Amino acid sequence: VKRRTGRQRDKGDRGMMRSTLFLLCLTFTATVSAAPEHTPRPGGIAIVDVGTVKLPKPNVSYDSRPALVVQKQDRWNAVIGIPLDTQPGEISLLVNGIEMDVAVTDHAYAEQRLTVKNQSYVTPDQAQLDRIGRERKIIDGALNSFREVPVDGISLAPPVDGTRSSSFGLRRFFNDPPRSPHKGMDIAASSGTPIKAPREGVVTATGDYFFNGNTVIVDHGQGYVTMYCHMSEIAVEEGQTVATGETLGAVGATGRVTGPHLHFGTYLNGTAVDPAVVLTTPESPR
């Protein structure tokens, strides 16, 4: 397989590389039982074999952002979050400066129409818009953090026991006007239900934000980040290291909500991915 630098492309090389990547990804997912799988769709993840562990861990980036690289047996695997607005076709990764292509499949998401009683959450005034802008910088900074530490996988334990919605990617309408797609999973639970860290990490942001209410953001390393919103209370502080299963806070109904629940977000290389892909523990029967 020929690899190339820059933007040079050759149809024969591209077809061969595509086939090779497809086979490599099939081989990887076939050897994993309960681990997250290669789901190369908008809002999904691409798991790409990028070399043997006999060589140093490669530098991988997508869309000019560093990507998570984990060791799986004797191979390095890049784990890429695919943005929701990605069109079907090919995306290109840079692996030690060399392009590798991954095919992205189409995926349709449904619509969701919600009625919000507090109109300010639909059409904020200028003071609220200023607040939202300040908070957006804090949130974006935490979601785009990249700590170069070893990461041994991407599987997550459920942060709270409850009914999991399939709301990720929904195009939402609040009191009729359209808003951005939903970038998390809503888990129904009673107010006060403890929220547990799904894996170890460092708390990078906490706050009471306009839309998200009481929020905690946890950095799990190499751009793998989780977010917890609408909490009734926060039990951790910024900069705190948390262990798997440690209490982050409690379910609530703060911010823009229609009732108590946990908004659970998962992010890779700064982009939201469907939590259902990485939550490998089955939902408890109701």
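This is a predicted model: local features need pLDDT of at least 70, side-chain atom pairs count only at pLDDT 80 or more; totals for chains, interfaces and linings use all residues.
Some ground rules first. Numbering starts from 1 along each chain as its sequence is written, and side-chain values use heavy atoms, with hydrogens and water left out. Local features need pLDDT of at least 70 and side-chain atom pairs count only at pLDDT 80 or more, while totals for chains, interfaces and linings use all residues.

**Exercise 1. Work out how β2 is joined to β3, and find the bridge partner of Y62.**

Step 1: strands here are DSSP runs of E with at least two residues, and helices are runs of H or I with at least four, numbered from the N terminus. Two strands count as paired if DSSP finds at least two bridges between them.

Step 2: β2 covers residues 60-62 and is joined to β3 by two bridges, running antiparallel.

Step 3: look across from Y62 and you land on R65 in β3.

**Exercise 2. List the strands that pair with β18, with a bridge partner for each.**

Step 1: take β11 (residues 185-188). It pairs with β18 in the antiparallel sense over four bridges, and D186 has H263 as its bridge partner in β18.

Step 2: go to β15 (residues 225-234). Five bridges join β15 to β18, again antiparallel; T226 partners T266.

Step 3: finish with β19 (residues 271-273), which pairs antiparallel with β18 over three bridges. Here T266 turns up again, with V273 as its partner in β19. β18 and β19 form a hairpin with two residues between them, and N269 in the turn has a positive phi of about 40 degrees.

**Exercise 3. Decide whether β18 is mostly covered or open, and sort its residues by direction.**

Step 1: buried means under 20% relative accessible area, exposed means over 50%, and partly exposed lies in between (1.4 Å probe, protein chains only).

Step 2: β18 spans residues 261-268, and eight of its eight residues are buried, so by this definition the strand is mostly covered.

Step 3: recall that side chains in a regular strand alternate between the two faces of the sheet.

Step 4: sort them. H261, H263, G265 and Y267 point one way, L262, F264, T266 and L268 the other, and all are buried.
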